[in-house]
Amino acid sequence: MENCIFCKIAEKKIPSAAVYEDEELLAFKDINPAAPVHLLVIPKQHYATLQDAAGAPALLGRMLALAPRLAEEFGCAVGYDADGTPSAGYKTLINSGPDGGQEVYHLHLHVIGGAHPWRGQR
C-alpha cells in the first residue's frame, strides 16, 4: 500500500525501534506507548484488517505465538509465585475496523505489559 505507514516501516523507509524481525513479521516499540511495555507485531505483507487476514491462519498463529516470547524478553511474561499464584502478565490486542478502534489500516497486534493503565477502564 502506497500510503501505509506500517508498510513503510516494514520496508525500512521509515525507522522504527525494531525488537524482532524475520521474513514475515516485524515487531517494534509503539511510538505512543500506553504502558511501560507496548510493542506492535505486524506482518510485512499488507493486510488492512484482521478480517482481511482470515485466509492466512498460519501467519496469524505466528503473530500470536511471538507475543509470549516478546513478553518474556521485555520482563512482563506470566510468572508464578511459590504457591502457584500467577503474577505479572501482558495484554494482547488487535483492533479491527473503525468500530474496533483501528487507527492504522495495516494489521497489527499490540503486546502491552507492565503497569496497568487499562484497569478500571471499561
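Leaving aside neighbours within four places in sequence, Val41 is in contact (heavy atoms within 4.5 Å) with Leu26, Ala27, Met63, Leu66, Leu70, Leu107, His108, Leu109 and Val111. The model behind this picture is predicted, with local features needing pLDDT of at least 70, side-chain atom pairs counting only at pLDDT 80 or more, and totals for chains, interfaces and linings using all residues. Residues are numbered from 1 along each chain as its sequence is written, and side-chain values use heavy atoms, with hydrogens and water left out.

Val41 also belongs to the largest nonpolar core, where Ala27, Val41, Leu66 and Leu70 touch the most other members among 21 residues. Such a core is a set of buried Ala, Val, Leu, Ile, Met, Phe, Trp, Tyr and Cys residues joined through side-chain atoms within 4.5 Å; buried means under 20% relative accessible area, with a 1.4 Å probe and protein chains only. Two or more residues each come from β1 (18-21), β2 (25-29), β3 (37-43), α2 (57-73) and β7 (109-113), and α2 gives the largest share, six residues. Apart from this core lies another, of nine residues, including Cys4, Cys7, Phe28 and Leu40.

Turning to the whole protein chain, its order along the sequence is α-β-β-β-α-β-β-β-β, where helices (H or I, at least four residues) and strands (E, at least two) are DSSP runs numbered from the N terminus. Its radius of gyration, taken over C-alpha atoms, is 15 Å, close to the 14 Å that the globule rule (2.2 Å times the number of residues to the power 0.38) gives for 122 residues, so the chain is as compact as a globular protein of that length. Of the 122 residues, 37% count as buried.

Notes
Buried means under 20% relative accessible area, exposed over 50%, partly exposed in between (1.4 Å probe, protein chains only).
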